[in-house]
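Here is a short report on a single protein chain. Have the sequence and the model side by side as you read.

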Amino acid sequence: MRRLHEPFRIIRANLRAYLAMNAIVFGLFFIGVAAALVFPDLHTAQTASLEEDGTADLVGILLGNVWLFGLTILAVNVLTVALPMILLPSMVVPFAGIVLFSYKAFTFGVVLAPVDATMAKILIPHSVTILIEFQAYILVMLAAHVLGRAWLRPATVGADSRRQAYVHGLKQVGWLSLPALALFVIGALYEAFELVYLVPRLVAG
């Protein structure tokens, strides 16, 4: 039962920081959307970079297998964003991952902006993906915050040294990673289903 209660206890204890992470992520996302609508070249440049790095081609290949697509989305979200962009940098420089992902949230807004009728239709089902996956990222950002605060201010967690506080922070990172991973799995499965079955019908119809 502790596995169910401990992450929520940590969130409640850091509710102000959790709400701040929500404001940062969603705020920068909508700023990115607005920027793309005002300056369409931003959207064009971002989508062109996805084609150049092979992301668009990979999506096209995986559309035929919803389960493999979902697994790939999960791997991308966890192994190329959550870990290397948010958690690992924050284990070296306190709060570094929060800054890095803040910029990523802005670029998400630029890429997903409803610059035309097709993108507007895609956003109808994809808004659910955004909500689920952003909450997962926000939990990882909260974990980075909890670790950084404990590391810089050991007294806040009742530790006698920075090393002891760092270990305490890592334990909280582990607890918060559980619901974050669950959301990443749910988000990946929904996104795969959405892109394989829902989006093509919306765009075609």
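R9 counts as partly exposed, because its relative accessibility is 36% and partly exposed covers the range between under 20% (buried) and over 50% (exposed). R9 sits in helix 1 (residues 2-13). Its C-alpha lies 9.9 Å from that of L176. In sequence, R9 and L176 are 167 residues apart.

This is a predicted model. The protein chain has an average pLDDT of 91. Of its residues, 91% score at least 70.

| Element | Residues | Mean pLDDT |
|---|---|---|
| helix 2 (highest) | residues 15-38 | 97 |
| helix 4 (lowest) | residues 55-62 | 63 |

**Helix 5**

Helix 5 covers residues 66-92.

**Helix 7**

Helix 7 (residues 117-152) has a bend too, of about 55°, at P125. Where does a side chain meet the backbone at the start of helix 7? There, a side-chain oxygen of D116 comes to within 3.2 Å of the backbone nitrogen of T118. Is helix 7 largely enclosed or largely exposed? Of its 36 residues, 26 are buried, so the rest of the structure largely encloses helix 7.

How values were computed
Residues numbered from 1 in each chain as written. Predicted model: local features only at pLDDT ≥ 70, side-chain atom pairs only at ≥ 80, totals over all residues. Heavy atoms only, no water. pLDDT = per-residue confidence, 0-100. Helix = DSSP H or I, 4+ residues; strand = E, 2+ residues; numbered from the N terminus. Expected span 1.5 Å × (residues − 1). Bend = angle between axes of the 7 residues up to and from the residue. Buried < 20%, exposed > 50% of the residue type's maximum accessible area, 1.4 Å probe, protein only. Polar contact = N/O pair within 3.5 Å; in protein donor to acceptor, adjacent residues only side chain to side chain.
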